[in-house]
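Hi everyone, thanks for making time for this one.

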Amino acid sequence: MKKILLTLTAVAGITFASQAQTEAGKTMIGGGVSFETQSVKDSDYKNNSFSILPQVGFFVADNIAVGARLGYAWSEEKESSDDKFATSEFVVAPFGRIYQGDGQVKFFGQLSAPMSWGTVKEDGDKTATTANYGVALAPGIAYFPTEKIGIELSVRGLYFESQTSKNEATDAKTTVNNFGLNVNSLAPTLGVQFHF
């Protein structure tokens, strides 16, 4: 009898702790760091990129969080021994997230508005400025193995992006718009959020 009572108490404690992670007044902290390099064999082509994007969110109501991702992204493309292009951007992405479900596993939907502003340099000289604006609706699932950790799987979902580049010398603007739906379950994003 004591074993059954102890087991039921532990299960109730785990269930309560997992529900407490997404209640009003809680905070979640996470983000991402990435580095990528690419080169073409028997050529001078090389591409390096780096980004750091910490994220913080606040639960304004049970299962409803708002927050933002702030950070920096940099990339450099070298086409030959003389030509080098570097792009650096400041990134802001406010978001709202709604969780659905009880217990240790919850589904969520996240609406975000990613934006970035930056510069393009060719061989160290500024050649263009960039401005990118978008909106994205991404579904995901979160598993809460402990009271303070949420492991998440999400896909890119539905998105729209508008990327504008303005040439410094001529003031000519180029705008590229992208719209898509990407729910490839074979290539999800894996993340960890810390809840306090």
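This is a predicted model: local features need pLDDT of at least 70, side-chain atom pairs count only at pLDDT 80 or more; totals for chains, interfaces and linings use all residues.

Following the sequence, the pattern reads α-β-β-β-β-β-β-β-β-β-β-β. The chain has 196 residues, and 28% of them count as buried.

Now, the surface. There is a nonpolar patch of about 950 Å², and its members include Ile 29, Val 56, Tyr 143, Leu 190 and Phe 194. Two or more residues each come from strand E2 (46-61), strand E8 (149-154) and strand E11 (189-195). Which element gives the most to the patch? That would be E11, with three residues.

Let me pick out Phe 194, which sits in strand E11. Its relative accessible area is 39%, so Phe 194 is classed as partly exposed, the class between the 20% and 50% cut-offs.

On to the largest pocket, which holds about 1300 Å³ of space. It is lined by 43 residues, and those closest to its centre are Leu 53, Arg 69, Gln 110, Ser 112 and Pro 114. What is the lining made of? It divides into 21 nonpolar, 17 polar and five charged residues. Strand E7, residues 125-143, gives the most to that lining, with seven residues.

That's my tour, so over to you for questions!

Note on methods
Residues are numbered from 1 along each chain as its sequence is written. Side-chain values use heavy atoms; hydrogens and water are left out. Patches are made of residues with over 30% relative accessible area and no salt bridge: like charges are joined within 9 Å, nonpolar side chains (Val, Leu, Ile, Met, Phe, Trp, Tyr) within 5 Å. Accessible areas come from the Shrake-Rupley method with a 1.4 Å probe; for residues, only the protein chains shown count as cover. A salt bridge is a side-chain nitrogen of Lys or Arg within 4 Å of a carboxyl oxygen of Asp or Glu. Helices (H or I, at least four residues) and strands (E, at least two) are DSSP runs, numbered from the N terminus. Buried means under 20% relative accessible area, exposed over 50%, partly exposed in between (1.4 Å probe, protein chains only). On a 1 Å grid over the protein atoms alone, a cavity is a set of points where a 1.4 Å probe fits but cannot get out, and a pocket is an open set with protein on both sides within 12 Å along at least five of seven lines; lining residues have an atom within 4 Å of a point. Grid points are joined across faces, edges and corners, and a volume is the space filled by probe spheres set on the points. Ala, Val, Leu, Ile, Met, Phe, Trp, Tyr, Cys and Pro count as nonpolar, Asp, Glu, Lys and Arg as charged, and the others, Gly among them, as polar.
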